[in-house]
Amino acid sequence: MSDNPSSPLLRPSSSSRPTSRHSHQSGEPVENTPLLSRVDSAPRYDGESSHETSRRPSPATRSLRTIQNGGTSIRSTKSDRRWPTFVAIASLGFLAVVIILGAFFAPAVVEEYAKEALVIEPTNLSIDSFTASGVRARVQANFRMDATRVANKNVRNIGRFGTWIARKVESQSSTVEVYLPEYGNILLGTAAVPPIVVDIRNGRVTAIDFLTDLEPGNIEGIRQVANDWLEGRLGEIRVLGKANVGLKSGLFPLGTQSISESLVFEGNDLPAIPQYNITRLNFREVPISTSGRRGMAADVSLELANTYPVKLTIPPLGFDILVESCNADDNYIKLADATTGTIDVEPYSDVKVSVGGIVRALPKTLVQTCPHSRDSPLDLLLGKYIHGNDTTIFVRGSSAPDPDTPDWITKIISSVTVPVPFPGHSFDNLIKEFSLSDTEFFLPDSSAKPGSDEADPQISGTIVVTAGLPKEMNFGINVTRVRANADVFYKGKKLGVLNLHKWQKAQSERIEPKDGEDAALRIESRIEHAPLNVTDDDVLTDILMSLFIGSRITLKVVALVDVEVSTVLGEFVIKKLPAEGVVPVKPISKGGDLNHFKPQVGDLKVLSTSRTSLNLEARVNFTNPTEYSAQIPYFNIHILNNGSIIGDATANNITVTPGNNTGILVQASWDPTRFGGKKAAKIGRELLSQYISGFNTTLTFQTHKDSIPHQPDLGEALSQFSIEIPTPRLSTNGPDGDKPHFIDDATFHLLSSTATFTLISPLQYSTIYIENINATAFYNHSESVGQILYDLPFKVPPGSSESPKLPVDWSFDSVGYEALKKALGGTLKLDAKGTVQIKLGQWKETVWYVGSGIGASVRF
C-alpha cells in the first residue's frame, strides 16, 4: 500500500496501475474504480441540495425566442436581425461537435484520469449497530481529485476539463459483492452503498458520511481463509469486487456502469494478529455447583492497540480455551470456558478487554502421561510457562453469554481456532529462603557397592523453604511431596549433585502477605540419607576446612524440583520447577563474630620449659553454637598476634558436640623466638604485658600445612581462613573472673617505708619467680606516692601468696604522699606502673605492668 496518507485506501503500487478499462485488457488487478475499491466512501448528511443552480438564458436562446415571438425586432434593420442568429447557430454547432467528440473519445480518457487522480482519505469507520444478518457501519472519509497524480499530460488536461464541465457526479444505490477467486470464487461478503454525491473538480474536497449494511457471505469459506491466515499459509490473497452502479451528472444520466475490480493483498498489506499486553491476571477459587464443588476462576485484563480508524462496540462473546494434546494431530483438550464483556473499540486507541474463565476440573487426558514419554500435556504446558517461555493456548468461539449477540457472530468465531501466545512467568526468583537444619553428615560405607547411594557421602536434615507465591495465585495450595536433583555449589564451583530422586514427604503452610509483600508458601520436608555425589574433591576440601575452623559458609543449591500439589482441582505433579537458594551453614559464631565461642582455660600445667619456650597443657571449655558434631583425631594450629606466630596448639582424639564442651584437653607451646624470631619475641612480650595488665587482647588462630596429618593441601587451604578471638582468661581465685587479677591487695608501712602485696598465681602446679621489680605507685593516676626498686628473687607459689616486704622510696613532697598519710589506719585506691622480670623454669621474660584501683591499706 502507498505510504502517502493522501493516496487511495486500497491503491496498488504505481508500477501496476491500470490505465483504462477500454484500452487495457490484461488480467492485472486494478482497483481505482471509486465506488468499488473504496467501500468507505459515503453520501453526505449535510443537507446540500443536488439541484443545479439556475442559469440565465444564453444569447442564442434569447435570439431564438425573439424570432419565435416576433415583435419590435421587425422594426430593426436587416443586419441587426441576422448576427444573433448566426452566433446562436454557430454556438449550437460547436457544442454539438464537442458533444459528439466527447461521446466517442472522452469516456476512456476521463475514466483513466479518474482512476489516477482519485484520492479517498478515510477518517473514521464505526459500527453503528449489529443486525441479525450483519453489521451497519458508518463510513466517513474525504473525497478529492488530485490532477498532479496523473502522469499523462493529455489525460490530465482532458480530465480536468471534463470534470470541470461536469462539476459533480452522483451514484445511485448499489450493492457491492466481494469474491475470493482462488477459493472457488466464494462470496466473502456484500455491502449496500447508498447514493453518494461528490465534487469531481480538481482539488475540491467532499466530506463523505454514510451508513452501509455489511453482511458476511459463505461462512465455510471465511473459516478456510482464516485458518490459512492463522497457520501462515496465506502469502497473498486476491479479492474481486463487482457492482452495477448508476451514475448521473446534474440532470444528465450517465447510465449504469458494470464495475469489476480485483485487488491483491500480500506481505505487509495483510493484517496481523494484534500484539497485546496482559495488565492483570488473577486465579481464584469459585463455587461451580450447589453441592459445594469448587473450581478455579481466572480473571484477565489485557490491552491491545487498534491501529485502524475503526470504531465499534463488540457484544459479549463466549470462548473455549484449548491446549495441545500429546499428539499434534489429535483434538485439542478443552481446559476452560471463557467469556468477554462488552468491548468498546475507538479509532487509533488502545482497546481494553476483560476476560473471565472457569476451569471446572482437569481432564484426565491433560494429566495422563503421553505414550513413549514421561510427561503429560500438563507437564509440557507448565514446563514452558514456569521457565519463562511463551506458551501457546488455543481459543475457539462458543455460545455467547448474551442472548442479544447475533447468531452469525457465534457461527463465525465457532468455526475458527486461533492460536494465542501466552507469555511465560519466570520462577527463577521464587525461593526467598532456603535453610537446612538438624544436619547430619555420613561418610561413605567402605563395603558399599560402587555407584550405589551408600558409596557416596550422605546428608540427613530438615529442609525449610519459603517460596514466594506470584500475586496472581489467590487460591489454596498444599505441597504434599517433593523430589529433586540439586547441583550444589560453593563459591561458584560445583561441589556435586544432591540426589533426591525418591519422593520425600512434605507439608506446607500459606503465609499471608504483609506490608505490601506477596504471599508466600512455607514448605518443610525431612530428607534422610540423601546421597551427595561429590564431583570436585578440592571444593569438598574447602568446605570441610571452613566448617572445621568455624568460618561462616554458604552453599548454593540449584535444583529442578518435582512438586506434588493438592488444589481445588485435585492432586497433580508440577515437574521441573526451578528452585535456587542459598543454604547457610551455621558458623561457630553468629552474626559474624566469635563471642559465642567463649573459650575458658583452666587447670593450666607447665609441662616443660626452655630459655625461650613454655610447653603447656590445659583444659578448655567452649561453646559450639552449630548443630554439627566432629571427631578430631589430630589437629594443630598456629597462634598469632599482630601477624607473627608466637606459639601453637594441638588437640588429639577429641569429640566436639553441639552446645557446651567442657574439659577438652589441649596442649600448647609458647615460643615466639622459635616461630617468628626477634620480631615475634617482641610482640609476644608486648602481648604478655598487656594481658597481665588487664587490657583487651586477641589471638589469631591459623592452620598450616602440618595441621592435618597427610593433608598438607587442606592445611594450606585452611590457612586462608584465620580466626581471631579474644584471649582466653585464666582461672584465678580473684573476685572478678572476667579480667586477669594478679595483685589482690597491698599494704603500705609508713614507719618502715615498706610494702607487701597479696599475689594470685594462675598456675595450679608450678611456681613463678619474680627476679626484680621497678615500680611506682600513683594516687589519682598521676600523683607519685613512692617507688619500689627490688632486685632479689622471690617466688609466687600456686594460689594466693604474700610477697616479702619490698622497700619504698617515698615522694615526701608530693600530693600523693600527703593523701597516703591522711589514709593512715584505713585504705586508699592506688595505681601502679612498672617493669617486672619473671622466671618459670628455664624461661625468663621482662614485662611491663599497669594496674589501677588497687586497694592499699595504710599502716603506721
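Student: Which residues are linked with Asp320 in a network of salt bridges?

Tutor: Asp320, Lys334, Asp337, Arg360 and Arg396 are linked in that network. Side chains of opposite charge can pair when their charged atoms come close. A salt bridge here is a side-chain nitrogen of Lys or Arg within 4 Å of a carboxyl oxygen of Asp or Glu. This is a predicted model, where local features need pLDDT of at least 70, side-chain atom pairs count only at pLDDT 80 or more, and totals for chains, interfaces and linings use all residues. Residues are numbered from 1 along each chain as its sequence is written, and side-chain values use heavy atoms, with hydrogens and water left out.

Student: How many salt bridges does the structure hold?

Tutor: The count is 25. One of them pairs Asp320 with Lys334, at 3.6 Å from N to O. Asp320 sits in strand S13 and Lys334 in strand S14, so the bridge ties together parts 14 residues apart in sequence. Strands (E, at least two residues) and helices (H or I, at least four) are DSSP runs, numbered from the N terminus.

Student: Is Asp320 buried or exposed?

Tutor: Buried, with a relative accessible area of 11%. Buried means under 20% relative accessible area, exposed means over 50%, and partly exposed lies in between (1.4 Å probe, protein chains only). Lys334 is partly exposed, at 42%.

Student: Where does Arg483 lie, and where does Asp562 lie?

Tutor: Take the contact first. Arg483 forms a salt bridge with Asp562, and their closest N and O atoms are 3.0 Å apart. Arg483 lies in strand S22 (residues 478–490) and Asp562 in strand S25 (residues 553–567), so this pair ties together parts 79 residues apart in sequence. Arg483 is partly exposed at 25% relative accessibility. Asp562 is buried at 14%.

Student: What joins Cys326 to Cys370?

Tutor: A disulfide is a covalent bond between the sulfur atoms of two cysteines. The cut-off used is a pair of cysteine sulfur atoms within 2.5 Å. A disulfide joins Cys326 to Cys370, with S to S at 2.0 Å. The pair links distant parts of the chain, 44 residues apart. Cys326 is in the loop between strand S13 (318–323) and strand S14 (333–340). Cys370 is in the loop between helix H6 (364–367) and helix H7 (377–386). A search of the whole structure finds one disulfide.

Student: Why is the disulfide of Cys326 and Cys370 left-handed?

Tutor: Read the torsion about the S-S bond. For Cys326 and Cys370 the value is about -85 degrees, so the disulfide is left-handed. Cys326 is partly exposed at 36% relative accessibility, while Cys370 is buried at 7%.
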